[in-house]
Amino acid sequence: IFNDSGIKVDLDSKRLEFDVLPVIIDGRTLVPMRTIFEALGATVEWDEKTQTITATGKDVAIKMQIGSNILSKNGQSTQLDVSPQLIDGRTMVPVRAVSDCFNVLVDWNGYTQTVSLFTN
C-alpha cells in the first residue's frame with residue numbers, strides 16, 4: 001500500500017496500513033473507520049441507509065454519522081471538530097476523537113507526519 005499523503009499512523013509502535021490514505025481536514029487527521037476501530041479491538045457496523053457508524057468494544061459504544069459533527073459515546077453526545085466523511089468509497093473518521101473514546105493516548109509529530117497511538 002502506497003501512502004502518498006505522507007501521513008502515517010502507528011498503534012503501539014506498529015504501523016497501520018490503510019487502503020485509502022489518511023487525510024487532514026481543518027487540522028484534523030481522518031482515517032478509514034474499519035481499520036482504526038478494528039486495530040483498537042472494536043467491532044464495526046455500517047448502516048448504509050442512514051450512513052451511520054457503530055463501533056463497540058471495551059465497554060464503549062460509539063455512534064457517528066456521515067456529515068454530522070455529533071459523536072455519541074455510551075449515549076452521551078459530544079461535538080466533533082470535523083464530521084466523518086466518505087472519501088474514495090471509504091468512511092473516514094477523526095482519529096483523535098475515536099482514540100479518545102477508547103482512552104488511547106494520541107500524539108502528532110508534524111515533522112514526520114505521524115500519528116502515534118498508545119493503548120497503555
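## A buried ring to start with

Phenylalanine 37 has 0% relative accessibility, so it counts as buried (buried means under 20% relative accessible area, exposed over 50%, and partly exposed in between, with a 1.4 Å probe and protein chains only). This is a predicted model, in which local features need pLDDT of at least 70, side-chain atom pairs count only at pLDDT 80 or more, and totals for chains, interfaces and linings use all residues. Residues are numbered from 1 along each chain as its sequence is written, and side-chain values use heavy atoms, leaving out hydrogens and water.

**The whole protein**

- The protein contains two helices and 13 strands; helices (H or I, at least four residues) and strands (E, at least two) are DSSP runs, numbered from the N terminus.
- With a radius of gyration of 13 Å, close to the 14 Å that the globule rule gives for 120 residues, the protein is as compact as a globular protein of that length. The radius is taken over C-alpha atoms, and the rule is 2.2 Å times the number of residues to the power 0.38.
- The C-alpha trace spans about 35 × 30 × 25 Å along its principal axes.
- Of the 120 residues, 42% count as buried.

**The aromatic pair**

- A search of the whole structure turns up one aromatic pair. Rings of Phe, Tyr and Trp (its six-membered ring) pair if their centres lie within 6.5 Å; planes under 30 degrees apart count as stacked, over 60 as edge-to-face and the rest as tilted.
- Phenylalanine 37 and phenylalanine 102 make up an edge-to-face pair, 6.2 Å centre to centre with 65° between the planes.
- Distant parts of the chain are linked by this pair: phenylalanine 37 is in helix 1 (residues 33-39), while phenylalanine 102 is in the loop between helix 2 (95-101) and strand 12 (105-109), 65 residues apart.
- Phenylalanine 102 counts as buried too, because its relative accessibility is 5%.

**The nonpolar cores**

- In soluble globular proteins, nonpolar side chains tend to be buried together.
- The largest nonpolar core has 28 residues, of which Ile36, Phe37, Met64, Phe102 and Leu117 touch the most other members. Such a core is a set of buried Ala, Val, Leu, Ile, Met, Phe, Trp, Tyr and Cys residues joined through side-chain atoms within 4.5 Å.
- Helix 2 gives this core its largest share, four residues.
- Leaving aside neighbours within four places in sequence, methionine 64 is in contact (heavy atoms within 4.5 Å) with residues including Phe37, Ile53, Leu80 and Val98.
- A second, separate core of five residues includes Leu30, Val82, Ile87 and Met92.

- Four strands form an open sheet in the order 2-1-13-12, with mixed pairing; two strands pair if DSSP finds at least two bridges between them.
- The edge strands, strand 2 (14-15) and strand 12, each pair on one side only.
- Strand 1 (residues 8-11) and strand 13 (residues 114-118) run parallel and are joined by four bridges.
- Aspartate 10 stands opposite serine 116 in strand 13.

**Two loop residues**

- Aspartate 12, in the loop between strand 1 and strand 2, has a positive phi of about 50° although it is not a glycine.
- Aspartate 12 counts as partly exposed because its relative accessibility is 34%.
- Asparagine 103, in the loop between helix 2 and strand 12, has a positive phi near 55°.
- Asparagine 103 has 64% relative accessibility, so it counts as exposed.
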